[in-house]
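Let's walk through this structure together, from its core out to its ligands. Keep the 3D view open as you read.

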Amino acid sequence: MKVKRLYINTIGCQMNVYDAGQIAGVLAPLGYTQTDAIESADMVVVNTCTIREKAEQKAFSFLGRLAKIKAARPSLIVAMGGCVAQQEGEAVLKRMPHVDLVFGTHAIFRLPEMVRRIESSHCRIVDVRLSETIETDRPVDGPLNEGQVSAFVTIMRGCDNYCTYCVVPHVRGREASRHPDRIIEEIRMRVDRGIREVTLLGQNVNSYGNKEGLCSFAELLERVNAIEGLGRIRFTTSHPKDLSDELIQAFGKLDKLCRHIHLPVQSGDDDILSRMNRRYSSSAYLEKLARLRQVCPDIAVTSDFIVGFPGETDRQFQRTLELIEAVRYDGLFAFMYSDRPNAPAAKFSGKVSESVKKERLQALLDLQQTITREKHEAMVGRVRTVLVEGPSRGLDDSTGAGGSPKIRWSGRASSNHIVHFSASDAHSANKEILTGEFADIMIEGAYAHSLWGRRVQGSMGAEP
Ligand code: 5AD
Ligand code: SF4
């Protein structure tokens, strides 16, 4: 079979990163192997995101740049997948004559058939069919990068929550969960190939299995926790309204479950939360966090925020800052509100000006920066167990004991903090030896976005 080169450009969230692996996996039997060199590619896939306006613009501008390459090499297959493809469908073919294939978020398993047709008859295809249930669920063993220790595994797709600002329910369809047996099979396959950590993905993992009457999310976690060879489990994203006591208790029970939760709150004001259709109040959110911290006192908490939602007043924005101060997040993502197609808030009155949105975003980020610095400084002098992801960019130019070169490594603590460290023992000069291992690190200092320290041997009161 002729070897063909596949270039995938992924824009967007972890779900798209996972989908990119699936795309590569289903196209492998057709002879496609992934390349980083777009100039020599036989097929280019742009895996798109439409959650905010900027991401959509990025997708179209990349696609626009491909026109020249396609003109020089007409045999190149140009495909657009993901959320923008789902949203725009046929319109992409009209707008961009050099695009051969537009495939939506539910069409990945139909890709091989479509690509074969394009290869043989140079036709143009659009497939944006959405289905209520997951029709094809085969664990696909997507390619792993060299030294990769962590992988995403989708456990469900779609969303039924209809937050008023959000495009996801319109482009990813109705919520549907994968069967737990398929999920376990896929994780086992990955662990057999060296993966030590999985992140379970879904728009709202807390409602996993409810609709289909499968097991609960906490029960799924228990099954994943029992997989031999797996070291750590993470998950994202959790909707606060569905955070169950059963899941909260899991943080006290499951040894592989990382001590971190990403719990997007979006706003600290109850009127805004209600107009966002989030279906919880700020006090209910704080209560759930208090229960989590009771079960797992050092759990790291991160969140998403939207500033400048239509109608947001200065006072309402202040309540968001107050909530951030009350929670003292370990980190957060903040976004300026943008109108999205089909999302009801696009029609809400009281749009906030770009300049006010920018000011609010800056105030929020400044506040969090102070909190992050204080929290990082409080970690100095403590030992954290880090899953080593590989050498940091650039070698230390110093040498360690016995004249062996010192290597700077990086990994993540259970709390998801990035930790850099130096290890001077002779073994660690060989990069395979530490990658994928757990190392105890004495934290000695803090950068704005990460920590650094030194490797200590044995158990010195290390925390997971
Ligand atoms: N405008 C700005 N931010 C948005 N998000 C989702 N939709 C919008 C929008 N229309 C943010 C939310 C969500 C994160 C993934 O993206 O904070 O949690
Ligand atoms: Fe969008 Fe809300 Fe669903 Fe998250 S829970 S994907 S914000 S609709």
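A nonpolar core is a set of buried Ala, Val, Leu, Ile, Met, Phe, Trp, Tyr and Cys residues joined through C-beta atoms within 7 Å; buried means that 20 or more other C-beta atoms, placed from the backbone, lie within 10 Å of a residue's own. This is a predicted model, in which local features need pLDDT of at least 70, side-chain atom pairs count only at pLDDT 80 or more, and totals for chains, interfaces and linings use all residues. Residues are numbered from 1 along each chain as its sequence is written, while chains are lettered from A and ligands numbered from 1 in the order in which they are written.

Start inside: the largest nonpolar core has 111 residues, and Ile 155 is one of those that touch the most other members. Leaving aside residues up to four places away in sequence, the contacts of Ile 155 include Ile 183, Leu 200, Leu 201 and Leu 220 (contact means C-beta atoms, placed from the backbone, within 7 Å). Across the protein, 40% of the 464 residues are buried.

Now look at the ligands. The residues around ligand 1 include Arg 52, Cys 166, Asp 304 and Arg 340 (near means a C-beta atom, placed from the backbone, within 6 Å). Cys 166 also belongs to the surroundings of ligand 2, along with Cys 159, Cys 163 and His 239, among others.

Finally, zoom out: the C-alpha atoms fill a box of roughly 65 × 60 × 45 Å, taken along the principal axes.

Methods: A residue is buried if 20 or more other C-beta atoms lie within 10 Å of its own, exposed if 12 or fewer, and partly exposed in between; C-beta atoms are placed from the backbone. Two residues are in contact if their C-beta atoms, placed from the backbone, lie within 7 Å.
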